[in-house]
Amino acid sequence: MLNQLRPAIVLTLSLTIVTGLLYPLAMTGIGQTLFAAQANSSQIKRGDTIVGSGLIGQNFTSDIYFWPRPSATSPDPYNAAASSGSNLGPTSAALVERVKTSVESFKAAGVTTAVPADAVTSSASGIDPDISVDYAMLQVARVAQARGLDPEAVSQQVKANTRQAVLGIFGEVGVNVLALNLALDDLKK
């Protein structure tokens, strides 16, 4: 009987050490070496203070800031602990009405161009930190006026904070709202 138990015990202990200790340590080491920022939550700092993450959006509502896309989290917008989409499909009457109302509010605010989809729909996670360049450019006039800046200077900040697709094919071109708003705050100083 000992001849049958010994291999089972040795195999169990060996696999536990390999899969429960060595493999996680190796992946942690590779992550910390090759992807340190991502492995440490892509923190954005101002001095020694963490002001946010490059991976989690924040709810900016003041006119001096670029606004993110709508958030589907509750009870508060951009609540990372409640990350979720709205689960409303393209045939949902509630989604159609919400989008229609949002588009009408943009038109009432003087927008004469097409309203980008990300300006009126939430992301799948509900906490997406990025907006499209079109949505950012739609907000340039409002932000420039609220800050008393030349719209061209604000537009240049949008361009400077536009993230391109990796290798031109992975991901989408977008603007991180927190990074852009911090750049505008720095511009003011």
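**Strands, core and rings in a predicted model**

Author: Three strands make up an open sheet, ordered β3-β5-β4, with antiparallel pairing. The model is predicted, so local features need pLDDT of at least 70 and side-chain atom pairs count only at pLDDT 80 or more, while totals for chains, interfaces and linings use all residues. Residues are numbered from 1 along each chain as its sequence is written, and side-chain values use heavy atoms, with hydrogens and water left out.

Reader: What makes β3 and β4 the edge strands?

Author: β3 (130-131) and β4 (162-163) each pair on one side only. Strands and helices are DSSP runs numbered from the N terminus, with at least two residues (E) for a strand and at least four (H or I) for a helix.

Reader: How do you know that β4 and β5 pair?

Author: Two strands pair if DSSP finds at least two bridges between them, and β4 and β5 (residues 174-176) have 2 bridges in the antiparallel sense; R163 stands opposite G174 in β5.

Reader: Why is S42 called buried?

Author: Buried means under 20% relative accessible area, exposed over 50% and partly exposed in between, with a 1.4 Å probe and protein chains only; S42, at 14% relative accessibility, therefore counts as buried. S42 is placed in the loop between α2 (36-39) and β1.

Reader: Why is the pair of F60 and Y65 called tilted?

Author: Rings of Phe, Tyr and Trp (its six-membered ring) pair if their centres lie within 6.5 Å, and planes under 30 degrees apart count as stacked, over 60 as edge-to-face and the rest as tilted. The ring centres of F60 and Y65 are 5.1 Å apart and their planes stand at 45°, so this pair is tilted. Both of these residues, F60 and Y65, are buried.

Reader: What makes the pair of F106 and Y135 edge-to-face?

Author: The planes of F106 and Y135 stand at 75°, with the ring centres 6.2 Å apart, so the pair is edge-to-face. Because F106 lies in helix α3 (residues 93-108) and Y135 in helix α4, the pair ties together parts that are 29 residues apart in sequence.

Reader: How do you know that the charged end of R142 sits over the ring of W67?

Author: A charge sits over a ring if NZ of Lys or CZ of Arg is within 6 Å of the ring centre and within 35 degrees of the ring normal; the charged end of R142 sits over the W67 ring, 3.6 Å from its centre.
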